[in-house]
Amino acid sequence: MALTPAAASRAAALARLAETPEWDMLVIGGGATGLGCAVDAAARGYKVLLVEAQDFAKGTSSRATKLVHGGVRYLAQGNLPLVREALAERARLLANAPHLVHPLRFVVPSYRRRDTALLAVGLGAYDLLGGFGSQGGIARSRVLDVAQTRAALPTVKTAGLRGGIAYWDAQFDDARLALALARTVEDLGGLALNYCALADLLVEGGRLRGAVLQEAGGRVFRVAARVVINATGVWADSVRRLAQPATPPLLRPSQGIHLMVDRGFLPGTDALLVPRTADGRVLFMIPWQGRLLLGTTDSLRADLPLEPQALPGEVDFVLDTAAAYLERPPRRQDVLSQFAGLRPLIGGGMGKEAGATGGLSREHLIEVSATGLVSVLGGKWTTYRHMAEEAVDRALAVAGLPRRAAATATLRLHGAREGDDPYGSDREAVEALPGAGRRLLEGLTLTEAEVRHAARAEYALSVEDVLARRHRALFIDARLALQAAPAVAALLAEELGRDGDWVAAQLRVFAALAQGYGAR
């Protein structure tokens, strides 16, 4: 029986994996950092393989605050190098992925005149670091009076309001940017495989020579590589221990949660920044995908669940903070979806008390083990490209490969086209598929053709892949995502050549997952 187009594509990728005698570079981890490394190496002309145990961006990289930013909080901490680097990368992302990354204006309401003056000085420095008036700048921050602040934030609390400050950053769809990176690897001649897990590292004569991989279907592959990059985020310490069992941990993961509520709680196009919460952080209220995103928290965790849940008190903390700034604050019953992500902070073994994350580094670290494993640790989405460039430079030295100049600073990512369509230049291909324009469910933008495209061109192998990361339904409204699941499962079964038992199993798994996001 002939394979479907989606199944044939997967089979061809596995055949290429089996038939390639050696790769220049093997990247373990399909989140922001790993995908960035694979793009960087492929753009330089090296033979690159990237594998991800789950789906691309399944972990931290699909659970961000959806911001490409320098970090106002880091500016307040005096970490100017990190802010400058991040703002430079913000400019590159706006240029290289204009279909997925867009400017967003933030308004900080002020209830004390002294706060307005301090914010004006700080955000003026943010403008300068971002290169206002040059390629890196978006627009200048400015002081708003009370009327302008209320116009920007129609539901902000007005009692005692003195005005505000408006400044600019950028917003993106994290999971779809990860997909664009995976497609770019493919465009550049590399191979990116999801659902292909690291089973072991191959060390011979004290040097790392490759890895044993296991694909979701059960096939095992022994892969030879000149160098291996460990870009597994919060799980990087476990891969480091495969290379050197006695190596001490370097990471101290923390968790941040986000809540999605109806846009009516803060209508308009501007985001609201709470400059200082009770725990000394900032909190964002951001228009995203037709809803309002609230977050985030910062709580240390000792475990590393694949599907982290909100810790006791985290949901109340976010809602209580929002309530201090909104005339009509959302309540627990108003939450449409809630999700949590783990941050790979540098600081293992530092003895920090539970919940104390302020002293842990948001910067990144590149380590080369005695066996030659190159591990990229820490960092954040905004700086993924710069981190990848540094990691590939180190990996080339370890492998003894000829040095070629990095090429990603101006590399347009797959689908790049001006506008706000997340499919970018792939839109025409999507619209050529059956079911174009036919929405699966009222209240969601997802069409039948987009599900087919997810299976044929975007590596989707499950209902979760489609409803969590190809489309963001699960993150936007868990109840609606659950309602859409049967239609998605039926279409995927057709595209992947699966039977009714597979559909039933998919629906059971997705129902349990959606419950964790708040589906009722």
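Student: Is Phe475 buried or exposed?
Tutor: This is a predicted model. Buried means under 20% relative accessible area. Phe475 has 1% relative accessibility, so Phe475 counts as buried.

Student: Is Tyr517 buried or exposed?
Tutor: The cut-off for buried is again under 20%. The relative accessible area of Tyr517 is 4%, so Tyr517 is buried.

Student: Which aromatic pair links Phe106 to a distant part of the chain, and what is its geometry?
Tutor: The structure holds 9 aromatic pairs. In one of them, the centres of Phe106 and Phe284 lie 5.8 Å apart, with 70° between the planes. Phe106 sits in strand S4 and Phe284 in strand S13, 178 residues apart. The pair is Phe106 and Phe284, and its geometry is edge-to-face.

Student: Why is the pair of Phe475 and Tyr517 edge-to-face?
Tutor: Planes over 60 degrees apart count as edge-to-face. The ring centres of Phe475 and Tyr517 are 5.6 Å apart, and the angle that settles the matter is 70°.

Student: How many residues apart in sequence are the parts that Phe475 and Tyr517 tie together?
Tutor: Phe475 belongs to helix H14 (residues 473-476). Tyr517 is in the segment after helix H16 (500-516), so the parts tied together are apart in sequence by 42 residues.

Student: Which ring has the charged end of Arg176 over it?
Tutor: Lys66 lies over the face of Trp288, 5.1 Å from the ring centre. For Arg176, the charged end is 4.3 Å from the centre of the ring of Tyr423.

Technical notes: Residues are numbered from 1 along each chain as its sequence is written. This is a predicted model: local features need pLDDT of at least 70, side-chain atom pairs count only at pLDDT 80 or more; totals for chains, interfaces and linings use all residues. Side-chain values use heavy atoms; hydrogens and water are left out. Rings of Phe, Tyr and Trp (its six-membered ring) pair if their centres lie within 6.5 Å; planes under 30 degrees apart count as stacked, over 60 as edge-to-face and the rest as tilted. Helices (H or I, at least four residues) and strands (E, at least two) are DSSP runs, numbered from the N terminus. Buried means under 20% relative accessible area, exposed over 50%, partly exposed in between (1.4 Å probe, protein chains only). A charge sits over a ring if NZ of Lys or CZ of Arg is within 6 Å of the ring centre and within 35 degrees of the ring normal.
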